[in-house]
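Please examine the sequence and the structure shown below before reading on. The paragraphs after them are meant for a reader who is new to this structure.

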Amino acid sequence: MAVPKRRQSKGRSRRRRSHDFLTPLQLASCPQCSTPVPTHVVCPTCGYYQGRTLVADEKDAD
Ligand SMILES: [Zn+2]
């Protein structure tokens with residue numbers, strides 16, 4: 001089996017891993033119920049998005 005000739009330096013590994021991070025979620029508050037909601041996502045609390053309620057309350061559906 002092929003095996004690396006040299007151990008990779010710490011600097012080389014760290015340089016590669018410098019891009020291995022997650023960006024934190026962009027949170028905006030819902031204009032209707034002011035819950036923090038990720039941008040471009042329907043509000044999970046009241047179903048509000050783009051100026052109208054898209055998802056009805058689960059209590060009403062039953
Ligand atoms: Zn909401």
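The explanation that follows moves from the overall chain to its core, its pocket and some individual residues.

The model is a predicted one. Its protein chain contains 2 helices and 4 strands, arranged along the sequence in the pattern α-β-β-β-β-α. Of the 62 residues in the protein chain, 11% count as buried. The chain exposes about 6,100 Å², and carbon and sulfur atoms supply 52% of that area. Among contacts between residues at least 6 apart in sequence, 0% join residues at least 24 apart.

In soluble globular proteins, nonpolar side chains tend to be buried together. Here the largest nonpolar core consists of 5 residues, namely Cys-30, Val-37, Cys-43, Cys-46 and Tyr-48.

The next feature is the largest pocket, which holds about 160 Å³ of space. Its lining comprises 13 residues, and those closest to its centre are Pro-31, Val-37, Val-41, Tyr-48 and Tyr-49. Strand E1 (27-29), strand E2 (36-38) and strand E3 (48-49) each contribute at least two residues to the lining. By class, the lining has 9 nonpolar and 4 polar residues, with no charged ones.

The loop between E2 and E3 includes Val-42. This residue has a relative accessible area of 28% and is therefore partly exposed, the range for that class lying between 20% and 50%. Leaving aside neighbours within four places in sequence, Val-42 is in contact with Val-37, Gly-47, Tyr-48, Tyr-49, Leu-54 and Val-55. Val-42 and Cys-30 stand 12 residues apart in sequence, and their C-alpha atoms are 9.0 Å apart in space.

Backbone geometry draws attention to two further residues. Most residues other than glycine have a negative phi. His-40, although not a glycine, has a positive phi of about 60 degrees. His-40 lies in the loop between E2 and E3, and with a relative accessible area of 70% it is exposed. Gln-50, which is not a glycine either, has a positive phi of about 55 degrees. Gln-50 is located in the loop between E3 and strand E4 (52-53), and its relative accessibility of 65% places it in the exposed class.

Notes: Residues numbered from 1 in each chain as written. Predicted model: local features only at pLDDT ≥ 70, side-chain atom pairs only at ≥ 80, totals over all residues. Heavy atoms only, no water. 1 Å grid on protein atoms, 1.4 Å probe; cavity = no way out; pocket = protein on both sides within 12 Å on 5 of 7 lines; lining within 4 Å. Points joined across faces, edges and corners; volume = space filled by probe spheres on them. Nonpolar A, V, L, I, M, F, W, Y, C, P; charged D, E, K, R; others polar. Core = buried A, V, L, I, M, F, W, Y, C linked by side-chain atoms within 4.5 Å. Buried < 20%, exposed > 50% of the residue type's maximum accessible area, 1.4 Å probe, protein only. Contact = heavy atoms within 4.5 Å. Areas by Shrake-Rupley, 256 points an atom, 1.4 Å probe, with all protein chains shown as cover.
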